[in-house]
Amino acid sequence: MNRFSGARASARLPSPTMRVIFVAAECEPWAKTGGLGDVVDALARALGRIPGAVDGPVEVFLPRYRSVQVPPSAAVDALEVRVPDPLAPGGTSDVTVRSFDANGYRLRLIDHPAAYDRAGFYGDSSGDFPDNARRFALLGRAALETRRAERRPVDVVAIHDWHACPVALLRDVQYADDPVVGRAAISLTIHNLAYHGWTPRDQVDQLGLGAGGATVGDAWGIDLLGEGIRRAETVNTVSPTYAREVLLPAFGMGLDGHLVARGDQFTGILNGLDQEVWDPATDPALAAPYDAASLAGKAACRADLLARVGLDPADPSAILGVIGRLDPQKGFDLVAGAARRLVARGARLVVLGSGDATLLEGLRAEATRAPGRIAIVERFDRDLSRQIYAGVDLFLMPSRFEPCGQGQMIAMRYGTPPIAHRTGGLADTIVDLGIDAAAGTGFLFDQATPEALIAAVDRALRVYAAPDRGAWSALVARGMAVDWSWESSSAPLYASLFRRAIALRLATTG
Ligand code: GLC
């Protein structure tokens, strides 16, 4: 019986603590390729810190990929769970659920080597794995089956991105009458609307929906993210501006109609930033610590970074930093298109990118033309990214679209004003200095073009190079003073969202 049923009978909104599980494909520091992993980790921890919000720690279900470092066995609880898996011999797969306390939440790794002990999370050098539908359906099903095996009901399953959307289908098609998980509310958080988890009809059996699978989706197959959007009690994305933008075809990636149909059950909640993880005063990757009261360490970080990437540390000209996944979303082509003119203005560039290397071709050509002015590092490098946030003078974030973005927040916290395209979460986190000289924290441009980017850099360089450093210092100080903590606003908003999801679920299940 759902623990909130009594509350509904007396027509009161539920207020007791919620039993919350997360299902996600990434969770920092165990498995991360992008911001998804950071948010899953930070939000799970922050929810646990809100008095009265969750019942026990949030449990985060994550695949045990090959690269996941499991702590020594004494600290880990291993539970064998038999999971229905129609394509497996005998119709079931045995998984080992390895659970341990992970700094404020409980991590529950689904260990099934055939599915997850591979070279990558989503694919390898030959592309996406052809059985991703099965791999991620197994994750969701294993999460539900684990709680069933333990007879521990769930009030809310927070699902993140398409990988976790099979949970919504499984609940509705197969577990609706289950007393332990069938009444759980589902809250979908969209970090990335570009990846839907399209599952063609001839692969639908991988999801293990049984006969019910034939009734889901259309003739072509199943759009897993689309199904999640339709079925979750509440749906959100990670900034208010992006939540408005995606209602339009230009940003909706084909799902704008689904999102519009959800009305006020689709919202935007701005991500926070884990301010302990990102703190220039304690960051061990930095050459010297610093804080807003004393920026001497930042100068040391600048010199250290430039020496590392082969640029002249003695040259005072402004350094622009760019960091990101090499994905068309991130606008590296705009930087390439602007690079020659930026260098002509005396600026230098430090670029760190990992992913599709062809997206750096334009920039590489510019770097060859301008020796000593552009440094490009093509890899994923956690420490170097921190050294860049700290060591550059301005941080560029020219994303064509950006659900929230994290780099701009980190840059501000590290005393590096951002220059960004006015879109999504970038618009919600940066106050343009030209619009509000007393409150500005960075520079925004409206068109995703090299020209608009250059105009914003020109505005920034004028402040940076002004003989009177007062305006620049104030800009840096304001950015460093922003409170990004999850606990102060975003996590309580998620707690309210989950309560709302429970109420909506109760209204349909009784
Ligand atoms: C995705 C989005 C990014 C967001 C992150 C975490 O990576 O592209 O904008 O900050 O998810 O929500």
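View 1. The model is a predicted one, in which local features need pLDDT of at least 70 and side-chain atom pairs count only at pLDDT 80 or more, while totals for chains, interfaces and linings use all residues. Residues are numbered from 1 along each chain as its sequence is written, and side-chain values use heavy atoms, with hydrogens and water left out. Strand β9 (residues 185–190) and strand β12 (residues 234–237) pair in the parallel sense over four bridges; strands (E, at least two residues) and helices (H or I, at least four residues) are DSSP runs numbered from the N terminus, and two strands pair if DSSP finds at least two bridges between them.

**View 2. Nine strands form an open sheet with mixed pairing.** The strand order is β3-β4-β5-β2-β1-β8-β9-β12-β13. Because β3 (77–84) and β13 (266–268) stand at the edges with a single partner strand each, one side of each is left without a neighbour in the sheet. From one strand to the next, the twist averages 25 degrees, where axes are lines fitted to C-alpha atoms and angles run from 0 to 180 degrees between N-to-C directions.

**View 3. Six strands form an open sheet with parallel pairing.** Here the order is β16-β15-β14-β17-β18-β19. The edges are held by β16 (374–378) and β19 (443–445), each with a single partner strand, so one side of each is left without a neighbour in the sheet. Neighbouring strands of this sheet are turned by 20 degrees against each other on average, direction ignored. Within the sheet, β14 (residues 319–326) pairs with β17 (residues 394–397) in the parallel sense over two bridges, and Phe395 in β17 is the bridge partner of Gly321.

View 4. An N or O atom in the side chain of His191 is 2.6 Å from an oxygen atom of the ligand. A polar backbone atom of Cys404 is 2.9 Å from a ligand oxygen atom, and a backbone N or O atom of Pro403 lies 3.4 Å from an oxygen atom of the ligand. Taken alone, the ligand exposes 310 Å², of which the protein buries 94%, with accessible areas from the Shrake-Rupley method and a 1.4 Å probe.

Notes:
Polar contact = N/O pair within 3.5 Å; in protein donor to acceptor, adjacent residues only side chain to side chain.
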